[in-house]
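Subject: A structure for you to explore

Hi there,

Here is the structure I promised to pass on to you.

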Amino acid sequence: MARISFRALLMAGALALAPVAVGSVAAQAQVLEVAVDASPVGLDPHRATAFSTFQIISGTIYEGLVAVDKDLRVKPGLAESWTVSPDGKTYTFKLRAGMTFHDGSKVEAADVVSTFNRVLSKDIASPLASRLAVLEKAEAADPLTLVLTLKEPSAPLLISAGTIAIVPRSMEAEKEALQRAPIGTGPFKFKEWQPNGFVLLEKNAAYWRSGAPKLDGVKFNIVPESATRQVGLSSGQYSMLPNIDAATALQVKGKPGVKLDETLELAYSFVGVNTSRPPFDNVKVRQAVNYALNRQEIIAAALFGAGVPGGPLSPALKDWALPVADFACYKHDPAKAQALLKEAGFTAPVAITINVLPRQDIRDMAQVVQAQLNKAGFKVELKNQELGQFIQDWRNSNFDMFASTNAGSPDPDDYFFRTFRTGGSTNVFKYSDTKLDGLLDSARAMQSQPERKKAYDEAQRILACDGPIMHVAYGQLFTGLRANVTGFEIIANRSLSSLGDVAVVK
Amino acid sequence: MLRRLLLARLLDLAVVLASVSVIVFAMIRLIPGDAVAIMLGANTEVTPDKIAALRAQIGLDQPISVQYLGWISKVLHGDLGTSLWTGKPVLDEIVLHLWPTLQLTVLALVVGAGLAVPAGCVMARLRGGVADAAMRVATVAGLTIPSFWLGIVMILLLAMLAPSLQLLGYVPFWQDPLGCLSRLALPAFALGLPILANLSRLVRSAMLDALGQDYIRTARAKGVPERGIVYRHALRNALIPFVTSVGIMTGYLLGGAIVVEQVFAIPGLGRLILGAIAERNYPLLQATILLVTMGFVVVNFVVDLLYLAIDPRVRA
């Protein structure tokens, strides 16, 4: 009896250990397996603040009146065309005929009006509300014609308001519904969300653009461990790792069956300073930091060489950005930095503390910055902070200097206005420059591109050397793909809106 | 006897839970950084009024003692609160994440504890031989290899050997039993291996101890066959320390599950807890840790009951 039970035990053990070799691979619909690092916080496009949410929903589930193409230029979205009145205060959008939401209801101008009402409502408290601050009123002239009247001309409006996700009018007063069950107009509709597991989207067969989507679905697997994501892509468990940094990209580069798509980022890494207290209230000290930085060295050390030095605007914005050669202080010159410190009345070493955003590339950058500043008359202490603490200090302007990253946008106004204008909502630097304020205000009201460009050129020159942010680098952004994935276009704003055109060839 | 044990255990449970509730409540609030700041995000437009409004809405503007009393009285009435981020009852979220972890833990226990008994017996019987030495070396390796490393190596290996196998993520058993098992097999092995190593060493030494006892000599003298001696007489006595360890290991398993779930992208309790810490999701974290603690105490209670079954002396 004992003999039998011992054998049985061993057998049972062997069975438990044997990998289930049978597998469960059924020939099934074509679903693109995407691996992302973080769970979305909710799926309501008007309430979300997390990038993990936007990555999954924008351009896939939801769309706006206009969209941004891979060259970061505005292209028609739900609106097929639009006109602007000569005084720049009236925008008239013509919607495409015959579009429907995922719930089957028609897309009409009234839906856009109630979407904007929703964004502006106190109850929803949308972080996008400020994008519509300039809006006087929105009206549906007829079911397919939308008229926006502005309080004053606003050049950035087309992108800032135009890309707001349009939702059905039935959602206007719904606070929670969209967080769990999003309803948009995009090429994919929401199917299932297993918290911390995955978000599954399925094909929207009634999508307005013919020929799209090509896939039957997209599954965003939430995989927090970066090694697992890399192995998953190399082995073919996942077909896409969207928006990865250089370090991760290097890991999968050259693996059989893997390809990389890349573009220059809109987001930039930087060190920012508190201009309300010494030593950085003195413009000469800010200039000194610029001279002390060797941006190429930082890029080589912290970004694995995958990036370029940049000024206040991303070089990806070819229509707007000035070349860094235009900024005198971008020349690495520690002696000049020391001299500037002396002129400002400081005796070296000037002790400062840098708060560091807890992200690997930023930590790496901060260490190089520390070494470079120490050589140029500063004495730097790094403070590696936990995210919650970092944000709290950031918001309370409780820092000498901090190392972090800022998101960008296709329009310069979004880079500058809230960050650098006196009293701007993310001007934690307490920076104030009357001339810059004037430029930013007037550029908003300008209609002609050359005129706006002139104002922003001037702004870039002021900000590059005297501003509260020392721009360091614009990194290279990558998306890792299986070789058989076609039709994907990486966009610098990190939107995955081209998923509608993606197919997997067998 | 049973009743006294039950009463003692219930008292234990109450004391443990009460102290854990205080510790958890205080600890998460001692972590620097504020739920509200994180909720509102770094790059959105935020005004001090917005922050104040949200703090008041969540109740964070109250003194911490008031917050604790409010929370604990609700818990005693069966209301564990709602998640700060999703607004859903935390119990729903916990139940959702409990299943994957439960399945993983049970499978890992099957691997670890289930195999430890035969492995330990074999080692004890082959004591002193080359096979015994080899197995002991193997157990040291098993003890020292970290689960997460083992997990990644196994993913790499199997991805090369059997690319069509679904290894990552989780599907509920009732949706796709085979898919579920094939996804859980590797993590269960990675999680169970250190336990297997630990427990098989324990069984080996307990068996050797038992085999040296007088009653074994008596059994031999009356002519019981060798296998009968090992499995019926010695093993039964060796099982008592084993069962104690299994109870303690269950606690270890929950800790290990946090790491292994991370590697294998399994949406379990570990991921829930980590996420809740990162988000400062106070109600969710408090409830989860409270329930996990309760689970641990209950497991130890079950272990006590098992003593009764194994060892008649305890019953006396």
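The buried residues of helix H14 of chain A are A:Leu436, A:Leu439, A:Leu440 and A:Ala443. "Buried" is used for a residue with 20 or more other C-beta atoms within 10 Å of its own, "exposed" for one with 12 or fewer, and "partly exposed" for anything in between, with the C-beta atoms placed from the backbone. These four lie on the same side of H14(A) because they cover an arc of only 95 degrees around the axis; the arc is that of the directions from the helix axis to the C-beta atoms. An α-helix has 3.6 residues a turn, so residues three or four places apart point the same way.

Before going on, a word on the model and its labels. This is a predicted model, in which local features need pLDDT of at least 70 and side-chain atom pairs count only at pLDDT 80 or more, while totals for chains, interfaces and linings use all residues. Residues are numbered from 1 along each chain as its sequence is written, and chains are lettered from A and ligands numbered from 1 in the order in which they are written.

Back to H14(A). The face turned away from its buried side carries the exposed residues A:Thr434 and A:Ser442. What do the buried residues of H14(A) pack against? Their partners are helix H13 (412–420) and helix H15 (449–466) of chain A, where a contact means C-beta atoms, placed from the backbone, within 7 Å. Helices (H or I, at least four residues) and strands (E, at least two) are DSSP runs, numbered from the N terminus.

Chain A also has an open sheet of four strands in the order S4-S5-S7-S6, with antiparallel pairing; two strands pair if DSSP finds at least two bridges between them. At its edges are S4 (79–84) and S6 (135–142) of chain A, each pairing on one side only. Further in, five bridges join S5 (residues 90–95) to S7 (residues 145–150) of chain A. In this pair, A:Phe93 stands opposite A:Leu146 in S7(A). Helix H3 (residues 109–120) of chain A packs on the sheet and touches S5, S6 and S7 of chain A.

Chain B has 13 helices and zero strands. Of its 316 residues, 39% are buried. The C-alpha atoms of chain B fill a box of roughly 85 × 55 × 35 Å, taken along the principal axes.

Enjoy exploring!

Terms used: Two residues are in contact if their C-beta atoms, placed from the backbone, lie within 7 Å. Axes are lines fitted to C-alpha atoms, for helices over the stretch in contact, and angles run from 0 to 180 degrees between N-to-C directions.
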